[in-house]
Amino acid sequence: MPKYLINFVQQYPSFRIHELESVARIFNIDVQYNKDDLEFIESLDPEIETPFLYITVNSEDDIKKICSRSVLIKSIYSVWAESTLLEGILDELHNKFDKKFLSNYMVDKTFKIDVESYGSKYNQKEKLEMMFKLKDTPLWDNGKCVMHPTEEQIDKHILWCILTDFGVERQGLVKDFAMLPRKVYFGQKIAKGNRDDIIKYNLSDRKYLGTTSMDPELSLISANMGLVKKGHFVLDPFVGTGSFILVASHFGAQTVGCDIDIKAMRKEEDCNLETNFRDHGLTSQFLGTILCDNSCPPWRWNSMFDSIVTDPPYGIRAGAKRVGYKENRKYVPVPEGLRRDHIPQCIDYSVPDVMADLLELAAKTLVVGGRLVYWLPTTPDYKETDLPRHPCLRLITASCLQILTNRWGRRLVTMEKILEYNHSIHNKSLLVQEDLGQVDPQHKDLRAVVFWRKMGSNEKSKKKEQKKQSVEKHLKEKTKNNNADVKNSNNNNENNTENQE
Ligand SMILES: C[S@@+](CC[C@H](N)C(=O)[O-])C[C@H]1O[C@@H](n2cnc3c(N)ncnc32)[C@H](O)[C@@H]1O
C-alpha cells in the first residue's frame, strides 16, 4: 500500500488520530500507521511533539476522501524524498529515481512549488532560493510552472511542496539556514483538509447564537467522531442553538434536536435555531425540535438514530434542570384547560444523572453500531472509572481532551452501541455505575472546582452574615434582658414605696 505523509493542524493533539480513524471508517478506508508514532503525535511536550505522521492507504482517492472530511488535517503529501537539508533532498532525487522517469513524469503537466514549514517561517526571498534549487532536477525539464491553473489544466496540475519541520522548541530561533531543521520533505501535495467548513460555519456569521454555542471546529470534529454521513438520522438531546445538528445536516444527515428551554432554541420569530438552517440552505435536512426534558425523553424504545452528538449541561454556563417538584412544594395537578401552555417547575439535575440518562437514551434509541458522542467535563483528578458506562455501549475513546483552564477542561467521549437494549439490561446499567465505584465521579460537583474562589468568598460572606445575625440576636436579647431588669427594678421600687406608705 502506498505511503503518505499527514501534516496535522497544531490544535487539539489528542483528537487528531481519533478523528482520522473515524473519518476513515466513514468511507470504509483501511488506514495503517506505526503505533509507536502516536506518542509524538499526541504529545504536548515541545521536545518530541510533531504534526507529521506517515500512513498507508490503498490509493490517492482514499487520501482525497479523508481530506474532504477531516478538519484536523492541514494537508496530505506523497513524499518523494526526505532529508535534514534541502541538498540532501536533491541528492536523494538523483539517487532514488531514474532521470528519464523524472523528466517523463512532467510531460504535458503544469506545476507549482510551495514552500511550507512548521516551527518557523521563511521569507519570500528564502522561499524563492529554495524553489530555484529544484531547477537542477529533471522534474523541471518538461513541466510548465503555472501559479493559477485553468480548469483544463487542473487535472494535470502537480503541486510540489518543500516542507520543513523545525520543531516547535526552535520557534523564534531560526534566523538563517545554518540552523538544522528536524526534517525536510519533498513531495506532491495530494489534498488539503476540510478547514473551509470551519469558516463556512463561523459563529460570528451565524445570526442565532447563545452563550454555549459550540464552535464550528469542535462541532465538525464531533460530527466526524459520530460517523455522521448522508442519509443518517442524528439527534442532539441538549440542542441549545443547534451547532451540532447544523453541521450534521451539512454532512447530509436528517437531524432533530431537543431542549428543556424554549428560549435556548428560539429567541425571536425570525432569529432562531431553524433560521440558521435556512441561512445555510439546509432546511430540507432539518426535521425539527422538541421541547422536552431528557430525564423523561419522548422517544420510543426503538433503534432509530445513527448518531447522538451532544454537549450536555454541566452547570458551568448552562445549568442542568429537569422537570420535578421542589421538596417544599405540594403536588397540585394542572387543570385540564391550562395544560397546553403550562410551564412545569424544574429542579436541579445532577451531572452524573444527566450523563446516566444520556447513556440510557443512547442504549435505547441508537442503532447497533451507532455512535454516542458527547462532551464530559473533566478535572485534573479524572480517573477512567469516572466515565459513565452502560452494558449496551462500548467506549471508543475518552482521551480527546480540551483544556479550558488549569482547573478543568472537557473530554469528547465516543461510544458505540454494541448490544440491543432489553428490559433485563435496565437494572444492570445502574449496577455498572456502582460496580465502577462511580459514587463520586470527578464531574459530580464541577461548580465547586471551577468556582472555588467565588465559593470561598461566598462562604466568607455567609459566615460574616451569620456572625452579624448572631451579634444582632445577642444585642436584642441583651436589650430585652435590660428592659426586663429595668421593669423589675421599677416594680420593686413601686412595691417599696407602697410598703413605705
Ligand atoms: C451546553 S448547552 C448546549 C449548547 C449547544 N450545543 C449549542 O451549540 O448551542 C446545554 C443545553 O441543555 C439544555 N438542557 C438543560 N437541562 C436539560 C434537560 N433536562 N433536558 C433537555 N435539555 C436540557 C439547556 O437548556 C442548554 O440549552
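How many bridges join β16 to β18, and do these strands run parallel or antiparallel?

Tutor: There are 8 bridges between β16 and β18, and the two strands run antiparallel. Two notes on reading the model. It is predicted, so local features need pLDDT of at least 70 and side-chain atom pairs count only at pLDDT 80 or more, while totals for chains, interfaces and linings use all residues. Residue numbers start from 1 along each chain, as its sequence is written. Helices (H or I, at least four residues) and strands (E, at least two) are DSSP runs, numbered from the N terminus. Two strands pair if DSSP finds at least two bridges between them.

Now the other side of β18. Here 8 bridges join it to β17, again antiparallel. I403 has G409 of β18 as its bridge partner. A hairpin of 5 residues links β17 to β18.

How enclosed is β18? Of its 9 residues, 7 are buried, so the rest of the structure largely encloses the strand. Buried means 20 or more other C-beta atoms within 10 Å of the residue's own; exposed means 12 or fewer; partly exposed lies in between, with C-beta atoms placed from the backbone.

E416 belongs to β18. With 18 other C-beta atoms within 10 Å, E416 is partly exposed. Leaving aside residues up to four places away in sequence, E416 touches G369, R371, L393, R394 and I396. Contact means C-beta atoms, placed from the backbone, within 7 Å. E416 and L395 sit 21 residues apart in sequence, yet 6.5 Å apart in space, C-alpha to C-alpha.

Step back to the whole sheet. It is open, has 7 strands and mixed pairing, and its order is β12-β9-β8-β13-β16-β18-β17. The edges are β12 (286–291) and β17 (393–403), which each pair on one side only. On average, neighbouring strands are turned by 15° against each other, direction ignored. Axes are lines fitted to C-alpha atoms, for helices over the stretch in contact; angles run from 0 to 180 degrees between N-to-C directions.

β16 (residues 366–378) also has β13 (residues 305–310) as a partner; these two run parallel, joined by 5 bridges. V309 stands opposite V373 in β16. Helix α9 packs on this sheet and touches β13, β16 and β18 (409–417). The direction of α9 makes about 25° with that of β18.

α9 itself is largely enclosed by the rest of the structure, because 9 of its 10 residues are buried. Those buried residues are P216, L218, S219, L220, I221, S222, A223, N224 and M225. Just after α9, L227 takes a positive phi of about 55°.

Follow α9 to another helix. The buried residues of α3 (residues 60–69) are D62, I63, I66, C67 and R69. Seen down the axis of α3, they fall within an arc of 165°, so they line one face of the helix. The arc is that of the directions from the helix axis to the C-beta atoms. These residues pack against α9 (216–225), and also against β1 (3–8), α1 (16–26), β3 (73–83) and β7 (183–192).

That brings in a second sheet. It is also open, with 7 strands in the order β2-β1-β3-β7-β6-β4-β5 and mixed pairing. β2 (52–56) and β5 (144–145) stand at its edges with a single partner strand each, so one side of each has no neighbour in the sheet. β1 and β2 run antiparallel, with 5 bridges between them. I6 is opposite L53 in β2. α3 lies across β1, β3 and β7, at about 75° to β7. α4 (residues 86–96) lies across β3, β6 (157–165) and β7, at about 70° to β3.

Last, the chain as a whole. It has 16 helices and 18 strands. Buried residues make up 33% of its 501 residues. Among contacts with a separation of 6 or more, 77% join residues 24 or more positions apart.

Methods:
Contact = placed C-beta atoms within 7 Å.
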